[in-house]
Amino acid sequence: MARLHLAKGSGGVPRGHFAVYVGEDRARFVVPTAYLKQPSFVALLETAEEDYFGLDHHCHPDGLTIPCCSERDFATLVRSLAA
């Protein structure tokens with residue numbers, strides 16, 4: 001079963017995973033790349049793209065930034081994908 005990592009700092013990312021920075025505080029999660037094939041995860045990415053594409057917002061250089069989702073909501077989504 002995949003595990004959710006709430007990773008503090010900007011350490012390395014294990015093979016087959018990627019970093020996602022979520023919410024206003026940019027909490028760092030490390031999630032499996034397999035989630036990129038999950039419709040609910042793709043929908044979240046599409047929402048972030050629609051809401052923030054072309055706007056001058058602070059992107060994180062070490063991973064994907066999803067500012068439109070709260071840390072709690074993102075953790076809930078990832079836990080449901082891991083089940």
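Predicted model: local features only at pLDDT ≥ 70, side-chain atom pairs only at ≥ 80, totals over all residues.
Q: What share of the residues of the protein chain counts as buried?
A: A residue is called buried when its relative accessible area is under 20%. The protein chain has 83 residues, and the share that counts as buried is 33%.

Q: How many aromatic pairs does a search of the whole structure find, and how is the pair of Phe18 and Phe41 classed?
A: The search finds four aromatic pairs. In the pair of Phe18 and Phe41, the ring centres are 6.1 Å apart and the planes make an angle of 80°. Planes over 60 degrees apart count as edge-to-face, so the class of this pair at 80° is edge-to-face.

Q: How many residues apart in sequence are the parts that the pair of Phe18 and Phe41 ties together?
A: Phe18 belongs to strand S2 and Phe41 to helix H1. Both residues are buried. Because the partners sit in these two elements, the pair ties together parts whose separation in sequence is 23 residues.

Q: Which class does the aromatic pair of Tyr35 and Phe41 have?
A: Tyr35 and Phe41 are both buried. Their rings are 6.2 Å apart, centre to centre, with 50° between the planes. Stacked pairs have planes under 30 degrees apart and edge-to-face pairs over 60, so the class at 50° is tilted.

Q: Which residues do ring pairs link into a cluster?
A: Phe41 pairs with Phe18, and Phe41 also pairs with Tyr35. The cluster linked by ring pairs consists of Phe18, Phe29, Tyr35, Phe41 and Phe74.

Q: Where does Pro14 lie, and how far in space is Pro14 from Val30, C-alpha to C-alpha?
A: Pro14 lies in the loop between strand S1 (5-6) and strand S2 (17-22). Its relative accessibility is 41%, so Pro14 counts as partly exposed. Pro14 and Val30 are 16 residues apart in sequence, and their C-alpha distance in space is 8.3 Å.

Q: Which residues gather in a patch of negative charge on the surface, and what is the relative accessible area of Glu46?
A: The patch of negative charge is formed by Glu46, Glu49, Glu50 and Asp51. Glu46 is placed in helix H1, which spans residues 39-52. Glu46 is partly exposed, and its relative accessible area is 41%.

Note on methods:
Residues numbered from 1 in each chain as written. Heavy atoms only, no water. Patch = residues over 30% accessible without salt bridge, like charges linked within 9 Å, V, L, I, M, F, W, Y side chains within 5 Å. Areas by Shrake-Rupley, 256 points an atom, 1.4 Å probe, with all protein chains shown as cover. Salt bridge = Lys/Arg side-chain N within 4 Å of Asp/Glu carboxyl O. Lys, Arg positive; Asp, Glu negative; His and termini not counted. Charge placed at Lys NZ, Arg CZ, Asp CG, Glu CD. Helix = DSSP H or I, 4+ residues; strand = E, 2+ residues; numbered from the N terminus. Buried < 20%, exposed > 50% of the residue type's maximum accessible area, 1.4 Å probe, protein only. Phe/Tyr/Trp six-rings, centres within 6.5 Å; stacked < 30°, edge-to-face > 60°.
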